[in-house]
Amino acid sequence: MPLATAVAILAVLVVLGQLGGVPALAGMVTLLAAAAFWPRDAALSVDVLAKVPVPTDQAPDVDRTGWRAVVDAIPTAALALDGAGCVVHHNRLITELFPEILVGQPMSQFTRNPDLIGAIDLAFASDDRVEVELTERVPVERRVCATVSRVVQTAVPSSPYLLVTFRDLTEQDRLAQMRADFIANASHELRTPLASLRGFVETLQGPAREDPDARERFLWLMAGQAERMTRLIDDLLSLSRVEMRVHLPPRGIVELNETAAYVCQLVEPLTDVTKVEITLERHDAPARIRGDREEIVQVIQNLLQNAIKYGREDGKVQVRVERDPSKGSLPAKVWVSVTDDGPGIAPEHLPRLTERFYRVNVASSREKGGTGLGLAIVKHILNRHRAELKIASKLGVGSTFGVSFDELGADS
Ligand SMILES: Nc1ncnc2c1ncn2[C@@H]1O[C@H](COP(=O)(O)OP(=O)(O)O)[C@@H](O)[C@H]1O
Ligand SMILES: [Mg+2]
């Protein structure tokens, strides 16, 4: 199974040649090389980066066009030490790690971490770049990688000699943990029907070999388990496809009245069993959005299927297309909402519903053909569309799942 969350790691190794005689230039090139060496994954996903203000308030009297500007531009915490081991400059991000840092002070004034001090001592004694992993426990537990690089060959007082940069590995660890959990969950979900299929096969090979009635019954149950595995694999592939496209803005135009009507027809056969009545309230004007029609169909279909599956038997499900006019600088929004009159969902579950494999009641979801991936797929599709999912539910009354999109103006 392809993992859409797999991260490409770019490593650019810059080896500086002999730049003797021009130490200032060599220092500058090394600083730039060090900046280029920084993990590129954050820089590549430009659209998910928050805008970080460029520091302007540090030592305003200092010329900011030279190497200091390079230190400021490094996207992670960074500081430069002179030949005596005192801080000559740092960027703003460093204060998150060392709130008490001051230019002119040695490192030992604001950190007691023996690994970091040792790495700096080692970098003073050798030409190699030194990397060390630090574990912070307060104020929150996190893992940080510090890299100490020599930036010039000879130490000149009050000029940069070593560059120390810090990279927070906590997010990377969290993603690795999520990936491991996902694989464990997916394997577990597949193993359950597989184990029952094997059980049926053994029974058919043994005790039920000559029993045509039992054979018929077991084959029917086996077909059900195989269907469950197929559904799970289909959902996993669907999730992976959606994840791969999440950064590609959709190019099509989707009209929500027409799409909602189409999905209502699509799920009609499901209501034969549960006797649920679906009504559609259209918006009285076109509700157009920038979107991928197939994916929008998938979103509404997932919400409608859930309302039918987890709603009340003989219940009512209402699909509405609405519009919120623009407010100030905010664009007008168009909505599709699906409301059921089922048992509702307790508030503590609401924030977790879009997690992969999260189900309020695992047995009930399985019995109804659920995989626990439907709302995770919905969330990823909505992320791609820069749209929002809002869930409101009251126990004993019912639930509303609404998705809101920026309206596409008439001139687009
Ligand atoms: N309309 C609803 N009413 C009650 N519970 C719901 C509703 N929609 C979703 N849920 C709960 O959210 C869980 C996750 O939904 P989903 O991701 O679509 O997975 P699945 O339907 O495959 O179990 C469901 O298992 C169910 O417990
Ligand atoms: Mg579902």
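The largest nonpolar core of this predicted model holds 39 residues, of which Leu256, Val299, Ile300, Leu303, Leu304, Val317 and Val336 touch the most other members. A nonpolar core is taken here as a set of buried Ala, Val, Leu, Ile, Met, Phe, Trp, Tyr and Cys residues joined through C-beta atoms within 7 Å. A residue is called buried if 20 or more other C-beta atoms lie within 10 Å of its own, exposed if 12 or fewer, and partly exposed in between, with C-beta atoms placed from the backbone. At least two core residues come from each of helix H7 (212–244), H8, H10, E9, E10, H12 and strand E12 (398–406). The main contributor is H10, with seven residues. Helices (H or I, at least four residues) and strands (E, at least two) are DSSP runs, numbered from the N terminus.

Residues are numbered from 1 along each chain as its sequence is written, while chains are lettered from A and ligands numbered from 1 in the order in which they are written. Since the model is predicted, local features need pLDDT of at least 70 and side-chain atom pairs count only at pLDDT 80 or more, whereas totals for chains, interfaces and linings use all residues.

Over the protein chain, the secondary structure amounts to 12 helices and 12 strands. Of its 412 residues, 26% are buried. Among contacts between residues at least 6 apart in sequence, 62% join residues at least 24 apart; a contact requires C-beta atoms, placed from the backbone, within 7 Å.

One open sheet consists of five strands in the order E7-E9-E10-E12-E11, with mixed pairing. Strands are said to pair if DSSP finds at least two bridges between them. Strand E7 (277–281) and strand E11 (388–394) are the edge strands, each pairing on one side only. On average, neighbouring strands of this sheet are turned by 15 degrees against each other, direction ignored. Axes are lines fitted to C-alpha atoms, for helices over the stretch in contact, and angles run from 0 to 180 degrees between N-to-C directions. The pairing of E7 with strand E9 (residues 316–324) is parallel and extends over five bridges; within it, threonine 279 stands opposite glutamine 318 in E9. Helix H8 (residues 256–267) packs on the sheet and touches E7, E9 and strand E10 (333–340), its direction making about 170 degrees with that of E9.

A second open sheet, also described by five strands, has the order E2-E1-E5-E4-E3 and antiparallel pairing. Strand E2 (87–90) and strand E3 (130–136) have a single partner strand each, so one side of each is left without a neighbour in the sheet. E3 and strand E4 (residues 142–150) form an antiparallel pair over seven bridges. Valine 130 has valine 148 in E4 as its bridge partner, and glutamate 133 has cysteine 145 in E4. E4 also pairs with E5 in the antiparallel sense, over seven bridges, and valine 148 stands opposite valine 164 in E5. Helix H5 (residues 114–125) packs on this sheet, touching strand E1 (78–81), E3, E4 and strand E5 (162–168), and its direction makes about 170 degrees with that of E3.

Ligand 1 is surrounded by 20 residues, the closest being Asn306, Val360, Gly370, Gly374 and Leu375. A residue counts as near the ligand if its C-beta atom, placed from the backbone, lies within 6 Å of it. Helix H10 (293–310) and helix H12 (374–384) each supply at least two residues of this shell, and the largest share, four residues, comes from H10. By type, the shell comprises seven nonpolar, 11 polar and two charged residues. In this division Ala, Val, Leu, Ile, Met, Phe, Trp, Tyr, Cys and Pro count as nonpolar, Asp, Glu, Lys and Arg as charged, and the others, Gly among them, as polar.

Definitions and conventions: Two residues are in contact if their C-beta atoms, placed from the backbone, lie within 7 Å.
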